[in-house]
Amino acid sequence: MGDRCTGHCCRRFYFDGVGPEQIEAWKTDVRDTATDEEKFIADMVILVEHEEGEGGRFWWRCRHVLENGDCGVYETRPDACRKYPNGRPCDYQETCTWTAA
C-alpha cells in the first residue's frame, strides 16, 4: 500500500440502481430535474458490462481516468468519486495501492 491511487475503482465501478436509462435521463434532462453532479456523472461514464439476471449490476468506466491511473478532472470530480467507497468495503482492496482504501 502507498499514498498513490492508481485508478482501479475508476476503471470498473457500479452505482446501485443506476442503469443506462437513468444515465440517459440525466444526460438529456428534459424535465430539468437532474443535479449538476448527475449531469457530470452521466457525461463521464462508459458502460463496460451488465451482469445477467434480475438485479444484475451495470458496470461503468470513467472516461476521465488516464492511462497511468490519474484522474483527468481531479479538481472538479464529483462527490461520488471523492467519497468512494461511500461507507462500503472497497471492491479493490486486494489490488488497490492507496493506503486509505
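I count two rings of Phe, Tyr or Trp (its six-membered ring) as an aromatic pair if their centres lie within 6.5 Å; planes under 30 degrees apart are stacked, over 60 edge-to-face, and the rest tilted.

I am working on a predicted model, so local features need pLDDT of at least 70 and side-chain atom pairs count only at pLDDT 80 or more, while totals for chains, interfaces and linings use all residues. I number residues from 1 along each chain as its sequence is written, and side-chain values use heavy atoms, with hydrogens and water left out.

**Aromatic pairs.** I looked for ring pairs and found two. Phe13 and Phe15 make an edge-to-face pair, at 5.4 Å centre to centre with 75 degrees between the planes. I checked the accessibility of both: Phe13 and Phe15 are buried. Here buried means under 20% relative accessible area, exposed over 50%, and partly exposed in between (1.4 Å probe, protein chains only).

Tyr14 and Trp59 form an edge-to-face pair, with 5.0 Å between centres and 75 degrees between planes. This pair links distant parts of the chain, 45 residues apart: Tyr14 is in the loop between α1 (8-11) and α2 (20-28), and Trp59 is in strand β2 (residues 58-62). I take helices (H or I, at least four residues) and strands (E, at least two) as DSSP runs, numbered from the N terminus. Tyr14 counts as buried because its relative accessible area is 8%. Trp59 is buried too, with a value of 7%.

**Charges over rings.** Which rings of this pair have an arginine charge over them? The charged end of Arg12 sits over the ring of Trp59, 4.1 Å from its centre. The charged end of Arg57 sits over the ring of Tyr14, 3.8 Å from the ring centre. My criterion was NZ of Lys or CZ of Arg within 6 Å of the ring centre and within 35 degrees of the ring normal.

**Nonpolar cores.** I define a nonpolar core as a set of buried Ala, Val, Leu, Ile, Met, Phe, Trp, Tyr and Cys residues joined through side-chain atoms within 4.5 Å. The largest has 13 residues, and those with the most contacts inside it are Phe13, Phe15, Ile23, Trp26, Val45 and Trp60. At least two residues of this core come from each of α2, α3 and β2. Another core, of seven residues, lies apart from it and includes Trp59, Tyr84, Cys90 and Tyr92.

I then looked up Ile23, which is in helix α2. Ile23 counts as buried because its relative accessibility is 4%. Leaving out residues up to four places away in sequence, Ile23 touches Val18, Ala42, Val45 and Trp60, where contact means heavy atoms within 4.5 Å. From Ile23 to Ile46 I noted 23 residues in sequence and 10.0 Å in space, C-alpha to C-alpha.

**Asp29.** Asp29 is in the loop between α2 and α3 (36-44). Its relative accessibility is 11%, so I list Asp29 as buried. Beyond its neighbours within four places in sequence, Asp29 is in contact with Ala34 and Lys39.

**Cysteines.** For a disulfide I required a pair of cysteine sulfur atoms within 2.5 Å. By this rule I count zero disulfides. Cys10 is in none; its nearest cysteine sulfur, that of Cys9, is 4.4 Å away. Cys10 is partly exposed, with a relative accessible area of 23%. Cys71 counts as partly exposed because its relative accessibility is 28%.
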